[in-house]
Amino acid sequence: MDPSCVACFLVRLASGPAGNNNNSSSNGSAGCCVAVQAPVLWRLFREFESVTVPAVPIAAYSARLLERWSAEPHEAALACLLLDRLSRRYAWARCGARSVHRLFLASLLVATKLLRDTLRRDAVRALSRIGGVPPEELAALEEALLALLSFGVYVAPDELCAFCAAQQRRHAACSAFFLGTVPAEAVKEPPPGSVVGELLRLPGSPTAEEDL
């Protein structure tokens, strides 16, 4: 998945009800509240919440993260699939603007560890610096994500391919819709927090790391 497709997925994840994408994986959705009790669930989800909404839009944040981390397209795709699986597993726990940044950061770390043969400790520290969180906090986010997924992070190749194809179709449809219907003068000032507004801010990714 390319960065713009990843950004489109994350914007939808943060702005819409969780688990509303019918074209992606639902693996591991059964018995979600049996493995982890409700109070523990809320504590784990709160690990990802910022005090305030981060100043960096998720589209720009994800693009910066993927570029500076040198993430491969299949690593980005796996990170998104794990988040989609999480949103389906806990459909009542809406992913919002205060948590989507940390969720993607933790998911990208998990995906990278799954797909790369080795990952040096200094590389993880570099990812935490790029992502704007301390290494200890990134480790806690990784543990929380794995616990919420009950360590169900295996993804079959055909499942990943199907997920990528579905997201590419949705991204293409979204891009065609906005490019075909939004006047140029309206695009200059998109509604705050809108999907098109987030995506139009993608090229202007910040040049320095900012704390989440």
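Modeller: Let us begin with burial, for which one cut-off is needed: a residue counts as buried when its relative accessible area is under 20%, and as exposed when that area is over 50%. Please keep in mind throughout that this is a predicted model. With a relative accessible area of 1%, C5 is therefore buried, whereas C161, at 54%, is exposed.

Colleague: What is the closest cysteine sulfur to that of C5, and what is it for C161?

Modeller: The general idea is that a disulfide is a covalent bond between the sulfur atoms of two cysteines. In this structure the sulfur of C5 has its closest cysteine sulfur in C8, 6.5 Å away, which is too far for a bond. For the sulfur of C161 the closest cysteine sulfur belongs to C164, at 6.6 Å, and that too is too far for a bond. A search of the whole structure accordingly returns zero disulfides.

Colleague: Which residues touch the most other members of the largest nonpolar core?

Modeller: They are L10 and F104, in a core of 58 residues. Helices α1, α3, α4, α5, α6, α7, α8 and α9 each supply at least two residues of this core. If residues up to four places away in sequence are set aside, F104 touches V6, L10, S62, L65, L66, A79, C80 and L83.

Colleague: How many salt bridges are there, and which parts do they tie together?

Modeller: Side chains of opposite charge can pair when their charged atoms come close. R88 and D84 meet with an N to O distance of 3.4 Å; both lie in helix α5, four residues apart, about one turn of the helix, and both are buried. E159 pairs with R85, their closest N and O atoms being 2.9 Å apart. Since E159 lies in helix α9 and R85 in helix α5, this pair ties together parts that are 74 residues apart in sequence, and E159 and R85 are both buried. E137 forms a salt bridge with R102 at 2.8 Å between the closest N and O atoms, and because E137 is in helix α8 and R102 in helix α6, the pair links parts 35 residues apart in sequence. E137 is partly exposed, with a relative accessible area of 26%, while R102 is buried at 6%.

Colleague: Is E142 buried or exposed, and what is it in contact with?

Modeller: E142, which is found in helix α8, has a relative accessible area of 13% and is buried. Neighbours within four places in sequence aside, E142 is in contact with A106, L109, V110 and K113.

Methods
Residues numbered from 1 in each chain as written. Predicted model: local features only at pLDDT ≥ 70, side-chain atom pairs only at ≥ 80, totals over all residues. Heavy atoms only, no water. Buried < 20%, exposed > 50% of the residue type's maximum accessible area, 1.4 Å probe, protein only. Contact = heavy atoms within 4.5 Å. Core = buried A, V, L, I, M, F, W, Y, C linked by side-chain atoms within 4.5 Å. Salt bridge = Lys/Arg side-chain N within 4 Å of Asp/Glu carboxyl O. Disulfide = S-S within 2.5 Å.
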